[in-house]
Amino acid sequence: MAEKKNRHYLTGKEVKAIAKENNKIIRALEKKKKRKAQESEFLSELKDPANILEVEDLHSYFFTDQGVVKAVNGVSFEIPQGATVGVVGESGCGKSVTSMSIMQLLQGPYGQIFSGSIRFKSYDFKRDEKGEPIPIYETDEAGEPIMEPVLDKKGNPKLDKGGAPMTAPKQKRDQYGTRLFEMEEKVFDIAQMPVKEMHRLRGRQIAMIFQEPMTSLNPVFTIGNQLDEVTFLHFPGSTKEDAKRRSIEMLNLVGIAMPERVYKSYPHELSGGMRQRVMISMALAGDPRLIIADEPTTALDVTIQAQILDLLRDLKTRINGSILLITHDLGIIAEMADYVVVMYAGRIIEKGTASEIFHHPMHPYTIGLQKSKPTMDSDSNTLFNIPGNVPNPIDMPDYCYFRERCTGCVKACFGDYPAMVQVSPTHFVACHLYDKEKTE
Ligand SMILES: Nc1ncnc2c1ncn2[C@@H]1O[C@H](COP(=O)(O)OP(=O)(O)OP(=O)(O)O)[C@@H](O)[C@H]1O
Ligand code: SF4
Ligand SMILES: [Mg+2]
């Protein structure tokens with residue numbers, strides 16, 4: 001083993017042995033994802049009911065022939081209901097893998113949630129014994145259901161066998177005209193959910209906005225087609241008109257001036273900023289409670305970027321939702337986030353409120369990040385740069401991952417990986433400098 005560590009290559013035999021071991025683990029994890037499970041197997045409870053999401057000790061790995069890449073290696077954080085949590089850290093530190101794990105969208109079979117929990121407070125349809133959502137009907141003053149004519153696909157009244165117009169109880173609708181159903185709150189552990197069950201959350205309750213909208217929109221369908229699809233998928237019983245009305249409303253909501261025209265357009269006919277607005281409207285069409293925005297403005301110029309951020313902030317208030325905002329732009333985080341999580345090489349090295357992280361950063365890496373931010377009033381010609389590199393993700397050391405780049409090492413840094421130290425009710429840092437027992 002010692003001999004292997006000193007070499008920079010693996011022998012064919014070693015690669016084979018790694019692949020064999022990987023396959024065994026992958027097969028077991030894939031089987032778990034594809035199993036048929038009772039809801040009770042993935043129901044869970046939140047530690048704090050004020051949260052909408054709790055990620056605890058999450059490990060997400062890529063099983064490559066070179067070894068296991070521990071892209072997310074024991075990450076724990078919470079998103080309080082109604083809050084924006086920003087995740088920062090340099091390229092490759094595991095931000096996207098964390099968000100893809102929450103959506104169960106890791107590139108399988110090699111990418112897998114290996115262990116940990118992702119508890120999400122879901123607000124889902126209440127279902128009858130047959131598993132069908134229970135509609136809410138409009139009632140008159142006496143509490144009797146109001147009846148309405150049943151229409152066919154073309155909008156003409158349907159007739160019964162005797163030729164009389166058919167009627168059915170009138171279903172209640174929301175402000176966008178979408179049919180309403182009885183709802184209930186349940187906490188699901190996404191890490192334990194079979195992939196087939198994820199359709200209950202993905203797109204509907206947790207929506208994702210990606211960096212490059214052109215790659216997320218389908219070039220061969222109109223915007224309207226793709227937006228309507230979200231309504232059809234998530235709101236049972238929606239007609240073509242219901243879907244179109246909702247799509248136009250969503251386009252309006254994200255500030256698109258000529259929604260009818262954009263509805264009929266193809267993605268390539270729109271500008272980058274417009275496409276990102278469409279993506280946001282698509283995310284909103286499912287009526288989500290959590291929006292994950294992974295570098296939502298990186299592909300846009302600065303003015304459009306500011307508009308999109310304003311839009312996100314405004315929508316969050318409107319839907320009373322929460323946002324997980326991933327970016328390496330500290331300026332965006334400062335402007336948007338209530339809480340900040342700082343990641344380094346697959347782990348969280350510091351987390352706290354935005355004010356704690358910006359005004360009292362404690363981890364040498366967070367301090368370095370702040371220093372490397374360009375400012376208008378800086379009189380230096382060069383930007384501060386954190387020297388050195390992140391360790392090899394396949395062969396992580398058992399001591400602090402930042403040690404080779406850190407200028408403030410103490411004796412304890414040559415020992416174990418530092419534990420998370422709590423420095424305020426909301427501020428945590430993983431660094432031996434703050435571990436009283438080790439430094440005293
Ligand atoms: N498909 C894959 N196969 C193997 N390793 C992967 C794969 N996808 C990601 N990784 C590894 O996982 C780690 C985390 O990647 P991730 O995409 O989460 O980084 P990030 O923090 O989002 O970076 P960026 O800021 O560049 O988007 C990286 O070290 C990367 O090499
Ligand atoms: S634990 Fe030690 S090496 Fe790691 S960041 Fe803190 S001071 Fe630096
Ligand atoms: Mg990323």
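**A chat about a predicted model**

User: How many helices and strands does the protein chain have?
Analyst: The protein chain has 13 helices and 14 strands. Keep in mind that this is a predicted model.

User: What does the C-alpha trace span?
Analyst: Along its principal axes, about 90 × 55 × 45 Å.

User: And how is the chain divided into domains?
Analyst: Into two pieces: domain 1 covers 12-127 + 181-205 + 288-439, and domain 2 covers 135-139 + 146-180. Taken over C-alpha atoms, their centres are 46 Å apart.

User: How much of the chain is buried?
Analyst: Of the 440 residues in the protein chain, 34% are buried. As for contacts with a separation of 6 or more, 65% of them link residues 24 or more positions apart.

User: Let's go to the open sheet of four strands. What's the order?
Analyst: S2-S1-S4-S7, with antiparallel pairing. S2 and strand S7 (183-189) are at the edges with a single partner strand each, so one side of each has no neighbour in the sheet. On average, neighbouring strands there are turned by 15° against each other, direction ignored.

User: How many bridges join S1 to S4?
Analyst: Eight bridges join S1 to strand S4 (residues 111-125), and the two run antiparallel. As an example, Phe-62 has Gly-111 in S4 as its bridge partner.

User: Which strands does helix H2 touch?
Analyst: Helix H2 (residues 12-34) packs on the sheet and touches S1, S2 and S4. Its direction makes about 145° with that of S1. H3 also lies across S1, S2 and S4, and it runs at about 70° to S2.

User: Now ligand 1. How many residues surround it, and which are the closest?
Analyst: 16 residues surround ligand 1, and the closest are Ala-71, Ser-91, Lys-95, Ser-96 and Val-97.

User: Which elements supply at least two residues of that shell?
Analyst: Strand S1 (51-64), strand S2 (67-80) and helix H3 (95-102) each do. H3 gives the largest share, three residues.

User: How do the residues in the shell around ligand 1 divide by class?
Analyst: Six are nonpolar, nine polar and one charged.

User: And around ligand 2, which residues come nearest?
Analyst: Of the 14 residues around ligand 2, the nearest are Cys-400, Arg-403, Cys-406, Cys-413 and Cys-431. By class, that shell has ten nonpolar, three polar and one charged residues.

User: Different topic: S3. Why is it largely enclosed by the rest of the structure?
Analyst: Because five of the five residues of S3 are buried. Thr-84, Gly-86 and Val-88 point one way from S3, while Val-85 and Val-87 point the other way, and all are buried.

User: Which strand does S3 pair with in the parallel sense?
Analyst: Strand S10 (residues 322-326) is one partner, paired with S3 over four bridges in the parallel sense. Val-87 has Ile-326 in S10 as its bridge partner. S3 is also joined to S11 by four bridges, and these two run parallel as well. There, Gly-86 has Val-340 as its bridge partner.

User: Last one, helix H12. Which of its residues are buried?
Analyst: The buried residues of helix H12 (residues 364-371) are Pro-364, Tyr-365, Thr-366 and Leu-369.

User: What covers them?
Analyst: The cover includes strand S3 (84-88), helix H10 (330-336), strand S11 (339-344), strand S12 (347-353) and helix H11 (354-359).

How values were computed
Residues numbered from 1 in each chain as written. Chains lettered and ligands numbered in written order. Predicted model: local features only at pLDDT ≥ 70, side-chain atom pairs only at ≥ 80, totals over all residues. Buried ≥ 20, exposed ≤ 12 C-beta atoms within 10 Å, placed from the backbone. Contact = placed C-beta atoms within 7 Å. Near = placed C-beta within 6 Å. Nonpolar A, V, L, I, M, F, W, Y, C, P; charged D, E, K, R; others polar. Domains from an automatic or database assignment. Pairing = 2+ DSSP bridges. Axes fitted to C-alpha atoms, helices over the stretch in contact; angles between N-to-C directions.
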